[in-house]
Every structure is written in C-alpha cells, then in structure tokens.
Amino acid sequence: MVAPTPYSLIATDLDGTLLRADDTLSERSLAALARAGRVGARHLVVTGRPAPRVRPLLDDLGCTGLAVCGQGAQLYDAGADRLLWSVTLDRELAETALGKIEAEVGQVYAAVDQDGVDGLTLIEPGYLMPHPTLPALRVGRRDDLWCAPISKVLLRHHTLSDDELAATARAVVGSLATVTMSGPGTVELQPCGVTKATGLALAADHLGLSPERAIAFGDMPNDIPMFDWASYGVAMANAHAELKAVADEITLSNEDDGIAVVLERLFT
C-alpha cells in the first residue's frame with residue numbers, strides 16, 4: 001500500500017518559480033516533481049502564459065494532463081492539445097479599459113494573447129516583450145490587436161513602475177477587467193473575476209482534488225489568489241513583497257531550486 005502523501009496537488013507557477021531565468025527546468029526540480037508523482041501527488045502548472053506558449057514546457061515536464069494557462073482563463077488538456085475551458089476578454093471592454101488607463105497615465109504600450117491553442121501574441125508598435133524568448137507578432141497599429149478573440153491584454157509604460165501602473169489600472173478599470181501583475185514588465189488585463197484560483201479550482205474539481213491537500217508555489221502578486229485557494233503557499237526568495245506577505249513559507253529562489261528544496265523535504 002502506498003503511504004499517504006502530505007499533499008495530493010502541487011500547483012506551480014512557471015516564470016520566476018519553476019523555470020530558471022533562461023526558461024529551462026533544472027534536473028533537480030524535475031527529479032523532485034517525479035518523486036512526488038511516484039507517491040501519488042499530482043503536479044499542475046498554473047501560469048499566466050497562454051496555452052500555445054506552454055506546450056514546449058509541458059513536453060519537457062512529461063505532462064500529458066491538464067494545465068491552467070492564461071492567468072486562469074484557459075484549462076488546457078496537453079494530451080489532447082485542446083482547451084477544455086476558456087474565457088475571453090471582451091475586446092470593446094479592453095479598448096475602453098485602455099482608454100481609461102491612458103487618460104490617467106498617458107500612453108501605454110499594449111499586447112494581446114489571442115484565445116485558442118494556436119492563438120498568437122500580438123504586440124503594437126513600441127511594446128517590448130519582457131520575455132524575448134517568447135514568440136510574438138508585431139502589428140502596425142493598435143486596432144490590429146483586436147482582429148480575433150483574446151484572453152488578455154499586456155501593458156507597459158515607459159516611465160511608471162509595474163506597481164504604479166497596476167495600481168492606477170485597478171483604480172480606473174473597475175469591473176471592466178481584472179488587473180494582475182505577473183512578472184517584470186508584465187501588467188495584464190484579463191476577464192473580470194478570472195484569476196489563477198478560478199482556473200486551479202476548475203482543474204482540481206476535474207481531477208477530484210481539493211484545496212485542503214494542495215500546496216502552491218509562486219513569485220508574483222498574480223499568485224495571491226492561488227495561495228488563498230490552496231492550504232499552503234510557498235513564495236520564492238525572489239518573489240514580490242506582496243506575495244511574501246501572504247505566504248506560509250519562503251523558499252530559495254527559482255535559480256536555486258527553491259521548489260525542489262521544499263518537495264524533497266515533504267516527499268522523502
């Protein structure tokens with residue numbers, strides 16, 4: 001008989017958490033996740049990246065099951081390469097939200113992640129990708145961003161910090177969208193009410209798992225809802241102060257295999 005495991009669900013963010021700065025997975029982290037899996041724990045990727053930008057990483061993890069993508073707006077079945085569930089951001093509401101933000105802070109630069117397993121990331125003139133390794137298609141003008149359904153809008157400002165831009169966006173956007181901050185240079189607008197927690201809860205329900213035996217790992221404020229949902233939240237040493245403030249534990253950085261350190265202790 002397999003001994004009971006401390007957690008049956010391990011939810012991990014990717015950027016700044018499970019991934020190293022060069023977008024690779026360490027052998028130690030892979031081994032720790034594999035060990036947890038052998039004794040019955042289920043690993044779920046819960047990321048702001050849209051499904052098309054997650055597929056190669058899921059292959060590296062050997063994942064053929066579910067992944068929560070797009071800040072919770074997409075539930076992706078890696079084995080079938082299809083979305084089991086997705087929510088789009090109304091494009092008219094997105095344009096209105098952008099207008100309200102720019103009325104307060106001046107010009108912002110925008111990008112969008114299109115919905116679907118083959119959706120593109122489109123960037124308008126002046127927008128710089130915070131992750132240069134991720135593919136994106138530059139369009140000629142902002143109107144071109146709205147050519148197909150989208151899961152979210154990404155924003156940057158030439159002088160404001162991410163915290164300042166996110167705070168202003170939250171103050172003026174209201175119920176038009178949910179504002180998140182998911183990494184350096186990454187302030188986002190997503191469908192109102194959608195967070196990593198909503199996507200994680202849906203995935204857990206699909207798998208018959210509960211928050212009472214879930215542990216979550218993250219590094220940015222967009223992981224706070226996931227920490228609220230799970231019974232135990234672990235922030236990386238490189239995490240944003242807002243996430244550290246609500247974490248149950250702070251581990252080593254993503255570069256120092258912080259996830260593996262915790263899993264090796266829990267799954268001996």
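Guide: The second largest pocket holds about 230 Å³ of space. This is a predicted model, in which local features need pLDDT of at least 70 and side-chain atom pairs count only at pLDDT 80 or more, while totals for chains, interfaces and linings use all residues. Residues are numbered from 1 along each chain as its sequence is written, and side-chain values use heavy atoms, with hydrogens and water left out.

Visitor: Which element gives the most to the lining of the second largest pocket?
Guide: A pocket is an open set of points on a 1 Å grid over the protein atoms alone, where a 1.4 Å probe fits, with protein on both sides within 12 Å along at least five of seven lines; lining residues have an atom within 4 Å of a point. A volume is the space filled by probe spheres set on the points, which are joined across faces, edges and corners. Here the lining includes Leu30, Leu33, Arg42 and Cys63, and helix H2 (27–38) and strand S2 (42–45) each give two or more residues. The most, 3 residues, comes from H2.

Visitor: How are helices and strands assigned, and which element gives the most to the lining of the largest pocket?
Guide: Both are DSSP runs numbered from the N terminus, helices being H or I with at least four residues and strands E with at least two. The largest pocket has a volume of about 340 Å³, and at least two lining residues each come from helix H1 (14–18), helix H5 (162–173) and strand S10 (178–183). With 3 residues, the most comes from S10.

Visitor: How many charged residues are in the lining of the largest pocket?
Guide: Asp, Glu, Lys and Arg count as charged; Ala, Val, Leu, Ile, Met, Phe, Trp, Tyr, Cys and Pro as nonpolar; the others, Gly among them, as polar. Of the 22 lining residues, Asp15, Gly16, His131, Gly183 and Pro184 lie nearest the centre. Alongside 6 nonpolar and 9 polar residues, the number charged is 7.

Visitor: Which side chain makes a polar contact with the side chain of Gln190?
Guide: Gln190 is in strand S11 (residues 186–190) and is buried (under 20% relative accessible area with a 1.4 Å probe, protein chains only; over 50% is exposed, in between partly exposed), at 0% relative accessibility. A polar contact is a pair of N or O atoms within 3.5 Å; within protein, one must be able to donate a hydrogen and the other to accept it, and residues adjacent in sequence count only if both atoms are side-chain atoms. A polar atom of the Gln190 side chain lies 3.2 Å from the backbone oxygen of Gln71. The side-chain partner, at 3.2 Å, is Thr180.

Visitor: What is the phi of Gln71?
Guide: Most residues other than glycine have a negative phi. Gln71 is in the loop between strand S3 (66–69) and strand S4 (74–77) and is buried at 1% relative accessibility. Although Gln71 is not a glycine, its phi is positive, at about 65°.
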